[in-house]
Amino acid sequence: MHVGTLYLTKEEERILSGYFGNELAEAMKIIVKVGESLGAESLIPISHAHASGISYKNIGEPGLHWLRKFKGIKVRTFSTFNPIGFDPDKWSLFVDRDFFVKQMEIINILISMGFEKSMTCVPYILRRPKVGEHLAWGESSAIAYANSVLGAFTNREGGPVALAAAIVGRTYYAGLHKLENRVATVEVRLPEINDIAEAGAVGLILGEIIGDKIPYIKGLKKEYVRHLLAAAAASGSLALAVIDGITPHGTFMLDISERIEIDKKDVESLISTLEGDEVIFHGCPHLLDLNEALPCAWNAVPGFLQVKGEKILKGTCFVVMPLEKTRWKKIATTSGKAFFYLRKRGFEVKLVRAEEIKRRCKHMKL
Ligand code: F3S
């Protein structure tokens, strides 16, 4: 059957017609509508859906109301979800009871659907997609990492589309799912990077100047890739960067027609030093390894980890935490992405090198 330009298989057609229930039909309608608007000709099965935008702070009452109808409807693929607005073990430090109850309802709905209790923006440590797998992910930093480092294929999905894709186990076959659209055209020369904050600053600049083109980057060290990509995906619409020596062959093409250079001076202008009275946020994207934690900072880690510590925040994200309720007014962070969004929210925030914070942390225990 064809819906506009889109060809649906018998099974997809049955889902859309309501044969498996109204909820599946509604999810399929979302995928079909987006697919049609992008000129997709078919749908494609996915191996992992990752839902973002599940903080009660972001979706509020209307989002929760919409989500309620999917309670108990089982997902058809491996599914994970993003950090929430607080650490469930420390919620009273950050939110009031009403916020807590509403946020837990959102989580319980997702879990009733078969989502992993992931609460993280690094879902690839729960299940690492193989090269060439198709995904429907909704978290810009994870999407950029999946496409650029893991060689998986995903578009930047909004929360409802990723959720709908989880429910029907498919997404529309368009955009970055097609090799012909994964063509890097701009070679980018980077300044030397020696700290994750510098990687974040470079990423913020790159995201702004690259627009919707795909960059080709040489000489980027592995340990800085996550922070650079997360920042570039925040300040711009980047979803794929071809990184020499890192992006798997066969998942991109090169057709360089433009060369640009990022100036060290512009990077320095985004970085500040500590004054000593700031609250420090570290772990955006979430820390993959506790050895990276900084004792004098609040450290954000995935929600499923079995770790404890006064300064460890599990399953949450500084950017979606309702910080207005805390006494924290002056913020320092090692993350270009957190710097970008917290500044946008009107906080007094600075981007500081992890090395500088480490020196300050030297004699402290986590
Ligand atoms: Fe993750 Fe939140 Fe940063 S979702 S990438 S910790 S803004």
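1. Let's start with H177, which is found in the loop between β7 (170-172) and β8. Strands here are DSSP runs of E with at least two residues, and helices are runs of H or I with at least four, both numbered from the N terminus. H177 is buried, with a relative accessible area of 1% (buried means under 20%, exposed over 50%, partly exposed in between, using a 1.4 Å probe and protein chains only). A polar atom of the H177 side chain lies 3.4 Å from the backbone oxygen of F153.

2. A word on the model: it is predicted, so local features need pLDDT of at least 70 and side-chain atom pairs count only at pLDDT 80 or more, while totals for chains, interfaces and linings use all residues. Residues are numbered from 1 along each chain as its sequence is written, and side-chain values use heavy atoms, with hydrogens and water left out.

3. Now look at the sheet. Strands of a sheet pair through backbone hydrogen bonds, either parallel or antiparallel. Here four strands form an open sheet in the order β10-β9-β8-β11, with parallel pairing. The edge strands, β10 (242-243) and β11, each pair on one side only. For two strands to count as paired, DSSP must find at least two bridges between them.

4. You can follow β8 (residues 183-189) to both of its neighbours. Six bridges link it to β11 (residues 253-261); A184 has L254 as its bridge partner, and V188 stands opposite I260. Three bridges join β8 to β9 (residues 215-217), where V186 stands opposite P215.

5. What do β8, α8 and β9 make together? They make a right-handed β-α-β unit: with the strands pointing away from the viewer, the path from the first strand over the helix to the second runs clockwise.

6. Helix α8 (residues 196-210) reaches 20 Å from its first C-alpha to its last, close to the 21 Å expected (1.5 Å times one less than its number of residues). Of its 15 residues, 13 are buried. At its start, a side-chain oxygen of D195 comes within 2.9 Å of the backbone nitrogen of A197. After α8 comes G211, whose phi is positive, near 60 degrees.

How values were computed:
Polar contact = N/O pair within 3.5 Å; in protein donor to acceptor, adjacent residues only side chain to side chain.
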